[in-house]
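This briefing goes through one protein chain by topic, from its overall make-up to selected residues. Please keep the sequence and the 3D view at hand while reading.

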Amino acid sequence: MRTFPRQPHPPRTSTRRHSARAMVASLLLVLSAAAHAHTDAAASGGFIAGFLHPLAGFDHLLAMIAVGIWGAALGSPLIWALPVAFPLLMVVGGILGIAGVPLPFVETGIALSVLVLGLAIVAAWRAPVAVAVVLVAFFGVLHGHAHGTELPGSASPAAYAAGFVISTGLLHLAGIALGALRSVPRGPLMVRAAGGLIALAGVWILVGSPGAA
């Protein structure tokens, strides 16, 4: 019987390089769009307002960092798929918010996103690719809707969206960097501890942030 030689599998390093290049290309496209939007609407402050908004909201900031940590823990392809899915669907939610389309339980859903993502990190949940992407995308819609409804009246929607998408991407990258600690001694324990703190913060937000000024 004639046999055929097995085709070698592509090395993992080349796959990772391809994913990294795709991520860099996506970020460059967003950056170029943001620069254009910022030029068009510099006077309105839309870009700056959008960029700072995720940094000012404790719940938004933790959820976006958690997405990066969880993606890093899950590895390829989710290390890049989750930080891409979240801002893309956040833009969809932002458009709905700007258009005044109501979504039920947005604030509760945002608090739950912090809790659920924190618990996923603590449990080292190896979610299937489709489940992880859908979950993160759903949370992205909720966060985007909140951003859209809080759009300043004088801001350009395009500039504002570009600002918060870039800010979100940077927070995801910070989360990925934290998730990379898994490769150092006691790293997995530190990552799970970070997930535990995020989950506790989610509970605190969910019950109304008691004690907050």
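A residue is called buried here when its relative accessible area is under 20%, exposed when the value is over 50%, and partly exposed in between. By that cut-off, buried residues make up 41% of the 213 residues in the chain. The model is a predicted one, with a mean pLDDT of 80 for the chain and 76% of its residues at 70 or more.

**Overall make-up**

- The chain has eight helices and zero strands, and from the N terminus on its elements accordingly read α-α-α-α-α-α-α-α.
- Among contacts between residues at least 6 apart in sequence, 84% join residues that are at least 24 apart.

**Confidence along the chain**

- Among the elements of the chain, helix α1 (residues 12-40) has the lowest mean pLDDT, 44, whereas α5 has the highest, 96.
- Residues 1-20 stay under 50 in pLDDT, and for this stretch the model has three contacts beyond four places in sequence.
- Over residues 22-44 the pLDDT is likewise below 50, although this stretch has 20 contacts in the model beyond near neighbours in sequence.

**The largest nonpolar core**

- The largest nonpolar core holds 35 residues, and of these Trp70, Leu82 and Leu117 touch the most other members.
- Two or more residues are given to this core by each of α3 (58-74), α4 (78-98), α5 (106-122), α6 (129-149), α7 (157-179) and α8 (187-206), and the largest share, nine residues, comes from α3.
- As general background, nonpolar side chains tend to be buried together in soluble globular proteins.
- Leaving aside residues up to four places away in sequence, Leu82 touches Val67, Trp70, Gly71, Leu74, Pro87, Ala132, Val133 and Val136.

- Helix α3 has 17 residues and reaches 24 Å from its first C-alpha to its last, close to the 24 Å expected at 1.5 Å a residue.
- Because 15 of its 17 residues are buried, α3 is largely enclosed by the rest of the structure; just after this helix, Gly75 takes a positive phi of about 80°.
- Helix α5 also has 17 residues, and its reach of 24 Å between first and last C-alpha is close to the expected 24 Å.
- The buried residues of α5 include Val106, Gly109, Ile110, Leu117 and Ile121, and the buried residues of this helix pack against α3, α6 and α8.
- Just after α5, a positive phi of about 50° is found at Ala124.

**Aromatic pairs**

- The structure holds five aromatic pairs, and one of them is formed by Phe47 and Phe51, whose ring centres are 6.4 Å apart with planes at 25°, so this pair is stacked.
- Phe47 and Phe51 both lie in helix α2 (residues 46-56), four residues apart, which is about one turn of the helix.
- In general, an α-helix has 3.6 residues a turn, so residues three or four places apart point the same way.
- Phe47 counts as buried because its relative accessibility is 15%, whereas Phe51, with a relative accessible area of 24%, is partly exposed.
- Phe138 and Phe139 form a tilted aromatic pair, with 5.9 Å from centre to centre and 50° between the planes.
- Within this second pair, Phe138 counts as partly exposed at 48% relative accessibility, while Phe139 is buried at 5%.

- His145 is located in helix α6 and is buried, with a relative accessible area of 7%.
- Apart from residues up to four places away in sequence, His145 touches Gly93, Gly94, Leu96, Gly97, Val101, Pro102, Leu103 and Val106.
- Ala49 belongs to helix α2 and, at 25% relative accessibility, counts as partly exposed.
- The C-alpha atoms of Ala49 and Leu151 are 8.4 Å apart in space, although these residues are 102 apart in sequence; not counting residues up to four places away in sequence, Ala49 touches Pro152 and Tyr160.

Technical notes
Residues are numbered from 1 along each chain as its sequence is written. Side-chain values use heavy atoms; hydrogens and water are left out. Buried means under 20% relative accessible area, exposed over 50%, partly exposed in between (1.4 Å probe, protein chains only). Contact means heavy atoms within 4.5 Å. A nonpolar core is a set of buried Ala, Val, Leu, Ile, Met, Phe, Trp, Tyr and Cys residues joined through side-chain atoms within 4.5 Å. Rings of Phe, Tyr and Trp (its six-membered ring) pair if their centres lie within 6.5 Å; planes under 30 degrees apart count as stacked, over 60 as edge-to-face and the rest as tilted. The expected span of a helix is 1.5 Å times one less than its number of residues. pLDDT is the predictor's confidence in each residue, from 0 to 100.
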